[in-house]
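Please keep the sequence and the model in view while reading.

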Amino acid sequence: MLNKFKTMFGGGDADLSRAGRRRVDLSERFEFVEKMTQGTMSRTHRAVELATGKTFCIKVQIREKNEAAAARTEDRPCEGEISYRINSPHVARTYEYGTTRDDEQYLIMEFVDGVSVEAVRTTMKVGLRAKAKLLARAARGFADIHEAGFIHHDINSRNILVSKQNQVKIIDFGLAVPNLPAFHKPGNRTGALPYMAPELIRREPTDERLDIFAFGAVAFELLTDRLPFAVAPGANSMALMLNRINSDALDPAEANPRLSDEYCEVLRKLLARRKEDRWPSMKTLAERLEEIPVRRDEHPGEVVDH
């Protein structure tokens, strides 16, 4: 599968070969300064490279958890292989990946000093115009991911970061897959349920349009301060899934009357239950978001304040 993957995406270069085959003792090269997250599948740290003094983000995947996940997705390239391939100003860069001496996969990535879109929404006073700018940049990043030949598969408000310099950086390719027919087949429901497309919940064939739906849910949530689904607070997973399958998304014009007609129409198309009715591509979405007003009464001077 790896040889086919390299051929299809223009690979086979020496850098990728070296990066993918590294087997290192990370403690010899880095000082681990701060634990950033402890997820169910990985450990992430801010680390300083001893030889250069540069700061990186190091992600080490928990071996037992990732072996089980890999067994469910046969022939899927590892996260490092995928993220190493994507070069976009709106995606956190992966510089190296490989295996530690403890036989765990690792990634050495760009360190993003900032917060998630979730934190922007919940803890900061940010105007609609500034939020719309963040969404347009994020759409550019996801367009670049699709252009590189991948589906992110886990778009949610925690996997889009905003740096102190107001740069948008997409992270976490742990569930990403090549955009190839072999990976469009019905399978396990993977991703964050509040942002999951109906076809994924129904275990139907999928494609990059599941990312478009999830992005629509993130955008709706950021601009209206709620998810686009009418379910009771604290609803269980089954209620969420049934709602997603059987009900259309809430109307954005009702959720936030300040939104412009143009922006509401885009949100409706992003969140269409039938993927055939959905906005067709992240590239054209990014272009559209950059040219339309987000609110009915635009006011200048709205910026993200860190």
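Two residues are in contact when heavy atoms lie within 4.5 Å.

## Basis of the report

The structure is a predicted model, in which local features need pLDDT of at least 70, side-chain atom pairs count only at pLDDT 80 or more, and totals for chains, interfaces and linings use all residues. Residues are numbered from 1 along each chain as its sequence is written, and side-chain values use heavy atoms, with hydrogens and water left out.

## Overall composition

The protein chain has 13 helices and 11 strands. Both are DSSP runs numbered from the N terminus: helices are H or I with at least four residues, and strands are E with at least two. Of the 306 residues in the chain, 49% are buried; the term means under 20% relative accessible area, while exposed means over 50% and partly exposed in between (1.4 Å probe, protein chains only). Among contacts between residues at least 6 apart in sequence, 64% join residues at least 24 apart.

## Two buried loop residues

T206 lies in the loop between α8 (198-201) and α9 (209-224). With a relative accessible area of 6%, T206 is buried. Apart from neighbours within four places in sequence, T206 has contacts with F183, H184, E199, L200 and K275. The C-alpha atoms of T206 and I151 are 9.9 Å apart, although 55 residues separate the two in sequence.

S260 belongs to the loop between α11 (252-255) and α12 (261-270), and it is buried at a relative accessible area of 3%. The side chain of S260 reaches the backbone nitrogen of Y263 at 3.1 Å. Once neighbours within four places in sequence are set aside, the contacts of S260 are P293, V294, R295 and R296.

## Helix α10

Helix α10 spans residues 237-246, and its residues L240, M241, N243 and R244 are buried. These four residues are on the same side of α10 because they cover an arc of only 160 degrees around the axis, the arc being that of the directions from the helix axis to the C-beta atoms. The cover over the buried residues of α10 includes α8 and α9.

## The cavity

The structure holds one cavity of 30 Å³ or more. A cavity is a set of points, on a 1 Å grid over the protein atoms alone, where a 1.4 Å probe fits but cannot get out; lining residues have an atom within 4 Å of a point. The largest cavity has a volume of about 70 Å³, a volume being the space filled by probe spheres set on the points.

Its lining consists of H153, D154, I155, T190, G191, A192, Y195, M196, A197, L200, L210 and A214. These residues divide into eight nonpolar, three polar and one charged. Here Ala, Val, Leu, Ile, Met, Phe, Trp, Tyr, Cys and Pro count as nonpolar, Asp, Glu, Lys and Arg as charged, and the others, Gly among them, as polar.

## Positive phi angles

Most residues other than glycine have a negative phi. D103, which is not a glycine, has a positive phi of about 65 degrees. D103 is found in the loop between β5 (94-100) and β6 (105-110) and is partly exposed at 37% relative accessibility.

H153, also named in the lining of the largest cavity, has a positive phi near 75 degrees. H153 sits in the loop between β8 (150-151) and β9 (160-163) and is buried, with a relative accessible area of 11%.

Note on methods:
On a 1 Å grid over the protein atoms alone, a cavity is a set of points where a 1.4 Å probe fits but cannot get out, and a pocket is an open set with protein on both sides within 12 Å along at least five of seven lines; lining residues have an atom within 4 Å of a point. A polar contact is a pair of N or O atoms within 3.5 Å; within protein, one must be able to donate a hydrogen and the other to accept it, and residues adjacent in sequence count only if both atoms are side-chain atoms.
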